[in-house]
Amino acid sequence: MFRADAEGKNGYSAEVDKSSGKLLLKRFTNDRSEVVKEISLTPIQIKADSIKLKVKAEGQKLWVYANGEPLLEVEDSFYGNGYFGLRNQLGVSVFRDMSFSNTSDFQTNITGWQAKSGKWEKSLDGVKAAASGRSIYLSNEKGSRFGYKTDMKMNTKGIGGLLFRADKEGKNGYYAELDGGRKRLQLIKLNNGKRTVMNVRNVPLEKESNTLEVRADGVQLNVLLNGQKVMEQNDSSFADGYFGLVSTGPNTSFQNVRKELNAGDVPAEIENPDFEKGSLEGWVPMEGNAFANAQVTRADTYWGGTFDHQGSYHMWGAAEIGDDPQGSMRSSYFKLGGSGEINFLIGGGNDRENLHVSLMRASDNQELIRAHNSKWAEDEKYRRVEWDASNYLGETVYIKVTDKKSGGWGHINVDDFHVFNEGPLPENPDNDPGELPVLPYEPKTSGKLTEWNTLEGEWAEGTEGSYGGIWECPELIQVPVEGSPAKKKWVMIVSINDGAPAGGSGVQYFTGDFDGKTFTNENPPEKALWADYGADFYAAVSWNNSPGENPIWLGWMSNWQYANDTPTAPWKSAMTVPREMVMTDTEEGYRLKQKPVDQFEDLRLEKIKFENELVVPGQNLLKNTSGDTAEIETEFSVKDAKEAGLKIRSGNGQYTKIGYDAQNKTVFIDRTHSGYDFGPNVEKIHEVSVNEKDGKIKLRILLDRSSIEVFVNDGEQVMTDQIFAAPENQGMELYSLDGSTELSYLNVYDVKRIWGSSPFRSNLSNWKAVNGQWGDTISGKLGRSGPDSFNISGDRGSNFTYSAKIKVLNEGAGALVFRADRNARNGYAVNVDTKHDLIKLMKISNGSISVLQETPYDLNPNQVYDVKVTAKGNELKAYIDGALKISSTDQQFQEGYAGLNVWNATAVFNEVMLQAE
């Protein structure tokens with residue numbers, strides 16, 4: 001942000017919006033924004049590790065640069081000066097190397113200044129006329145009842161003053177004029193440009209800079225010099241109008257031009273300072289719902305004792321509403337007088353950033369002093385705070401109470417404010433120790449922006465690489481350099497969630513030196529190096545003391561953006577294949593290379609080969625090749641095509657593309673049609689910039705049933721993604737788009753299965769998962785469910801014994817289903833319920849479940865129970881570990897299919913046997 005106010009609610013903002021791909025210049029007014037101008041960024045700019053933004057402002061002209069290129073240019077006179085700031089919305093952004101260069105520094109809280117006559121120029125001293133004769137500088141803000149003042153620096157030839165209640169051209173209104181040579185102050189009325197002197201006084205001017213102030217309230221006009229009233233005048237000619245400056249000649253500089261909210265008889269006390277009116281009368285809720293009349297209470301005690309408040313009422317932040325509501329409120333305005341001491345009672349939560357009381361200046365809403373419940377930790381009991389605010393005597397101010405915290409101790413208590421005190425100041429005031437001392441303002445021409453004041457959100461000192469989310473699974477290892485195995489590089493590995501290139505989870509790394517205590521990054525701080533550019537490589541770790549020279553690691557093949565929702569059962573995701581790591585020395589520095597361990601090649605079964613083929617649009621060398629698992633190696637050069645690559649797991653409109661974009665020189669994986677929507681927070685197309693080797697691109701692709709791992713140019717870049725095509729979609733295609741591609745070779749291998757069969761034992765067959773998630777695992781047939789889910793076999797019976805071993809892994813239930821229809825809408829079930837410690841016999845009728853009989857039984861999760869059901873005519877019995885627990889009769893269903901059920905749990909079934917009687 002720039003030209004912003006102290007609260008960041010007014011000013012300009014130059015923003016990069018990656019979601020829309022735009023660079024925007026926004027203007028903020030009372031925290032509401034409007035786009036002044038915008039432009040679309042190129043794909044390369046959007047996907048860059050970082051974008052260098054620069055703003056140039058000269059008067060009304062504003063320029064916004066991205067990476068040195070001027071992209072936006074506008075004219076806007078709304079804000080002429082203000083603070084530098086940073087703004088972030090919806091996500092995490094990293095800011096580095098913030099610097100400024102000033103040619104002018106005109107301090108004002110009034111907007112829209114424009115020269116109405118003469119020429120005006122700005123400098124570090126403020127603004128001044130640049131020509132002889134009378135010049136007028138007018139703002140776009142109006143006022144009727146106000147205080148209006150400026151610091152004027154002039155020599156003996158200087159003549160200038162404050163214009164107020166003026167028309168749009170500055171030809172009608174009033175102005176207070178100070179004459180440095182004659183040492184004279186005049187109050188002048190303008191009528192169509194004609195001057196009438198209403199009042200004149202001789203004044204002492206013993207210093208170069210003086211403060212001129214006007215206070216207007218109805219017909220009463222007061223003029224002050226250096227804080228002392230010089231003249232009073234009544235006039236009703238102009239009731240309101242614009243603020244401006246007037247200068248005769250170039251000998252007067254105006255600085256710190258400010259308006260105050262009102263200039264009438266601002267009281268020295270606030271209204272209802274101790275809440276004894278039994279309400280928030282006199283206090284104004286500013287935002288949120290944390291402060292209302294319900295929080296003003298007569299309660300004397302809380303669970304820990306007495307509040308020790310003053311009087312009958314006090315403002316207890318947790319009364320009626322608890323800790324969660326957030327918001328702020330302010331007192332009435334007051335003019336700070338007396339000694340400058342302010343004291344009050346405070347209690348509640350201890351949180352400087354989110355729960356505090358502030359003294360605020362009314363003219364610019366600048367926070368002057370802050371206090372929070374620091375001395376007494378978190379306690380409802382009140383203790384008194386004493387401020388020394390003598391630096392702000394004579395200023396119009398107010399008290400602001402802020403609650404931006406929810407959860408435990410997320411409230412603040414206040415009572416008994418005394419804002420006018422006489423006598424000595426407190427010896428040890430409770431001014432917030434985090435405050436900076438009040439120093440005279442020194443304008444700077446340039447420098448680094450290093451001192452920041454957090455207004456909203458969470459901000460932290462920057463670190464290196466990407467920190468768009470949580471860092472975890474750190475590892476510091478030495479990795480040999482390719483071609484020089486005796487040489488090793490230190491590599492710091494950190495997983496991050498969120499903030500990876502594809503969105504969500506990922507793994508970044510740093511190369512550098514380690515002296516046994518400190519790791520030093522050898523790349524610029526903003527440079528993020530990524531181990532994998534797909535969406536599904538996270539929490540990777542290496543083995544210690546693995547065989548061979550190169551470290552071996554593997555990663556979790558998923559992303560926390562959708563890890564719990566992927567359509568698989570019984571497992572969610574898998575691990576990547578083990579990969580060897582080596583460093584390679586490139587023009588950009590040392591970079592990580594990876595390849596599958598050599599043992600993976602032992603799983604190859606040769607399937608098909610092509611060499612030296614020309615691939616043209618419409619031709620598919622792999623039209624007779626299919627598979628849901630494979631290893632694919634290829635090398636090709638794009639002759640005149642825009643794009644070339646492979647489609648795998650294709651059919652019925654589904655496919656996943658692995659291709660090379662010749663124009664952008666990127667290898668990509670496109671999951672747009674892969675069979676599953678991975679959500680809005682992860683890109684559908686993942687890409688990485690690559691360098692052609694002798695004009696060629698080399699790919700090695702490991703295809704599994706629900707994943708792909710792509711190694712580019714011998715592992716210089718790697719991309720890992722999950723895919724979820726329908727089981728029947730197993731087609732493959734080699735394609736070339738809008739031109740031809742020269743294929744050096746293409747090898748497709750079948751891959752041996754490394755897992756054996758599940759040891760699930762049953763004499764039932766033709767299982768049909770009606771709903772929920774089911775799969776055969778090393779422990780047996782596993783089912784997972786929120787509500788009820790069923791798996792029904794193709795075998796049925798009338799009179800029988802039906803048995804199984806059932807293990808419910810958490811608190812929920814597993815059941816044997818019998819005499820059921822194929823869709824489990826009708827039938828019976830015997831249920832082992834570990835949540836309620838019950839054995840139940842249930843009947844399912846048209847999808848509605850009723851309990852026929854239940855028996856208490858001490859059941860534990862993760863314990864195997866032998867469950868047996870016997871059905872003979874109307875007699876239904878159930879046994880647990882050989883003991884009869886259920887004996888009932890029902891005649892509705894006399895025969896049907898056998899199956900399994902899970903309710904609100906994960907359960908494993910084995911030795912599932914049906915024996916006819």
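Q: Partly exposed has a set meaning here: a relative accessible area between the under 20% of buried and the over 50% of exposed. In this predicted model, which class does K693 fall into, buried, exposed or partly exposed?
A: Happy to take this one step by step. K693 has a relative accessible area of 38%. Buried would need a value under 20% and exposed a value over 50%, so K693 counts as partly exposed.

Q: Which residue does K693 meet in a salt bridge, side chain to side chain?
A: The N to O distance of this pair is 2.9 Å. The partner lies in the loop between β53 (707–712) and β54, while K693 lies in the loop between β51 (685–689) and β52 (697–704), so the pair ties together parts that are 23 residues apart in sequence. The partner is E716.

Q: Which residue in β56 stands opposite F610?
A: Strand β56 covers residues 741–751 and runs antiparallel to β46, with 10 bridges joining the two. Within β56, the residue opposite F610 is L746.

Q: How far apart in space are N391 and L368, C-alpha to C-alpha?
A: N391 sits in the loop between β32 (379–388) and β33 (396–403). Its relative accessibility is 55%, so N391 counts as exposed. Along the sequence, N391 and L368 are 23 residues apart, and in space their separation is 9.5 Å.

Q: Where does S253 lie, and which residues does S253 touch, leaving out those up to four places away in sequence?
A: S253 is buried, because its relative accessible area is 11%. The strand that holds S253 is β21 (residues 252–260). The residues that S253 touches are D125, V127, K128, D151, M152 and K153.

Q: How many salt bridges does a search of the whole structure find?
A: One of the pairs is D833 with K840, at 3.2 Å from N to O, and both of these residues are buried. Elsewhere, R352, E353, E367 and R370 are linked in a network of salt bridges. The search of the whole structure finds 49.

How values were computed: Residues are numbered from 1 along each chain as its sequence is written. This is a predicted model: local features need pLDDT of at least 70, side-chain atom pairs count only at pLDDT 80 or more; totals for chains, interfaces and linings use all residues. Side-chain values use heavy atoms; hydrogens and water are left out. Buried means under 20% relative accessible area, exposed over 50%, partly exposed in between (1.4 Å probe, protein chains only). Contact means heavy atoms within 4.5 Å. Two strands pair if DSSP finds at least two bridges between them. A salt bridge is a side-chain nitrogen of Lys or Arg within 4 Å of a carboxyl oxygen of Asp or Glu.
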